[in-house]
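User: I would like to work through a protein model step by step, with questions that can be answered from its structure. Could we look at it together?

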Amino acid sequence: MAYSGKVIDHYENPRNVGSLDKEAPNVGTGLVGAPACGDVMKLQIQVSDAGVIEDAKFKTFGCGSAIASSSLATEWIKGMTLEQAMSVRNTQIVQELNLPPVKIHCSVLAEDAIKSAIADYRRKQRGSQTQPSLGES
Amino acid sequence: MICWSCEKNAGDGMLCAGCGAVQPPLRTADHFRVFGLPRKFDLDVADLEWRYKEMTKVLHPDRFARADARARRASLERSVQLNLAWRTLSQPVARAEYLLSLEGIEVGEPAGSKRSDRPDSRATQPVDTALLVEVMELREALAEARARGDSAKVASLVAGVQALHNREMAEVAAGFAAAQPNLAAITARLVAARYYRRFLEEAEPHEGEEDAAK
């Protein structure tokens, strides 16, 4: 598999690898998997009171393209509002990383992980609407 | 089918029932029919292997070295079909996935296209989420054990996941054995088995990794 330079760069120097406290009310966790290949991806966001993603972390167990896709995704969504992050499309990741057709599902996984993390955050916020947010900004 | 050589009814075997000339493969034959077996998951692999070896002997290229071009071509096409059928049916995972594909189910496809932007989509897949959490934890534990160079822990994780994989495949076998197989449930088991298999592939020691871990 010939990877593009950008994929190799993200694979060798992944940005934002790690975990955030998944119990924290201002952290949303997205966990997605690709049944076709058995890869798993976790993407977490930490959201400020103003609704801006102030930190993002990921852990991906999969191929180079899956790691690069999630690394790029965390890099992009940092500083975005939730609405902006919701509008990130896998096609943008494909374009930026020059992914070949067989690796497009890796970018889909990253897009799904962002949406899943946002959905988790929103669910938490709905559940604790009466409590003051613990988020620091 | 009419034999290309004697132009009489050839039957549907490898060789013409009348003149013994090798026949091109039937386009409609599924992998089970290639071996003359019923379409079911539970099969005797030793018997399958015996059939495969016997048929391979009949189709051996040496036997067609000086044969008619049509016979050479037919024997080659038969060999390709036979090898594919053998590779698919001799492995339980491939056999199970093939049986589902005959029912129009591609393992990994429906779940892979599921999107998380519908608020309820994750709620409707509780098993899937639990599986992902489990697999993520296993993968993290493996990465940590490797980083520490803890080969005993790696071995115990591998043994544990191998047992999980075996459990899923036993459930797949039981699922197919049911009078009315629940194909959705069998598919879910196969998906889980895939995640476990991916873990096991990842856990296999690669060259030089032992040293790198120290």
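User: In which helix of chain A is Lys6(A) found?

Analyst: The model shown here is a predicted one, and the answers should be read with that in mind. Within chain A, the helix that holds Lys6(A) covers residues 5-12, and its name is H1(A).

User: Is Lys6(A) buried, partly exposed or exposed?

Analyst: A residue is called buried under 20% relative accessible area and exposed over 50%, with partly exposed in between. The relative accessible area of Lys6(A) is 44%, so Lys6(A) is partly exposed.

User: What is the order of the strands in the open sheet of chain A?

Analyst: The open sheet has three strands with antiparallel pairing. Strands E1(A), residues 27-34, and E3(A), residues 53-61, each have a single partner strand and so stand at the edges, where one side of each is left without a neighbour in the sheet. From one strand to the next the twist averages 15°. Read across the sheet, the order is E1-E2-E3.

User: How many bridges join E1(A) to E2(A), and which residue stands opposite Leu31(A)?

Analyst: In general, strands of a sheet pair through backbone hydrogen bonds, either parallel or antiparallel. E1(A) and E2(A), the latter being residues 39-47, run antiparallel and are joined by eight bridges.

User: Which residue takes a positive phi in the hairpin of E2(A) and E3(A)?

Analyst: E2(A) and E3(A) run antiparallel and are joined by eight bridges, and in this pairing Leu43(A) stands opposite Phe58(A) of E3(A). Their hairpin has five residues between the strands, and the residue with a positive phi, near 85°, is Gly51(A).

User: Which helix lies across E1 and E2 of chain A?

Analyst: The helix in question runs at about 145° to E1(A) and spans residues 104-127, and its name is H5(A).

User: At what angle do H2(A) and H5(A) pack?

Analyst: H2(A), residues 64-77, has its axis 8 Å from that of H5(A), and H2(A) passes H5(A) in a right-handed crossing. The contact involves residues including Ala66(A) and Ala73(A) of H2(A), and Ala110(A) and Ile114(A) of H5(A). The angle makes the two helices oblique to each other, and its value is about 40°.

User: Turning to the other chain, how many helices does chain B have?

Analyst: Along the sequence, chain B follows the pattern α-α-α-α-α-α-α-α-α, and buried residues make up 37% of its 214 residues. Chain B has zero strands, and its number of helices is nine.

User: Are H7(B) and H8(B) roughly parallel or roughly antiparallel to each other?

Analyst: H7(B), residues 151-177, and H8(B), residues 183-203, have axes 9 Å apart and pack at an angle of about 155°, while H7(B) passes H8(B) in a left-handed crossing. Angles over 145 degrees count as roughly antiparallel, and therefore H7(B) and H8(B) are roughly antiparallel.

User: Which helices are included in what covers the buried residues of H4(B)?

Analyst: H4(B) spans residues 92-102, and its buried residues include Val93(B), Ala96(B) and Leu100(B). The axes of H4(B) and H8(B) come within 11 Å and cross at roughly 145°, in a crossing that is left-handed. Val93(B), Ala96(B) and Leu100(B) are among the residues that make this contact, on the H4(B) side. The cover of the buried residues includes H1, H2, H3, H7 and H8 of chain B.

User: Which residues does Arg39(B) touch, not counting residues up to four places away in sequence?

Analyst: Arg39(B) is found in the loop between H1 and H2 of chain B, and with 47% relative accessibility it counts as partly exposed. The C-alpha atoms of Arg39(B) and Leu99(B) are separated by 7.8 Å, although the two are 60 residues apart along the chain. The residues touched by Arg39(B) are Asp30(B), Phe32(B), Leu99(B) and Leu102(B).

Definitions and conventions: Residues are numbered from 1 along each chain as its sequence is written. Chains are lettered from A and ligands numbered from 1 in the order in which they are written. This is a predicted model: local features need pLDDT of at least 70, side-chain atom pairs count only at pLDDT 80 or more; totals for chains, interfaces and linings use all residues. Side-chain values use heavy atoms; hydrogens and water are left out. Helices (H or I, at least four residues) and strands (E, at least two) are DSSP runs, numbered from the N terminus. Buried means under 20% relative accessible area, exposed over 50%, partly exposed in between (1.4 Å probe, protein chains only). Two strands pair if DSSP finds at least two bridges between them. Axes are lines fitted to C-alpha atoms, for helices over the stretch in contact, and angles run from 0 to 180 degrees between N-to-C directions. Contact means heavy atoms within 4.5 Å. Angles under 35 degrees count as roughly parallel, over 145 as roughly antiparallel, 65 to 115 as roughly perpendicular and the rest as oblique. A crossing is left-handed if the near helix is turned anticlockwise from the far one by less than a right angle, and right-handed if clockwise.
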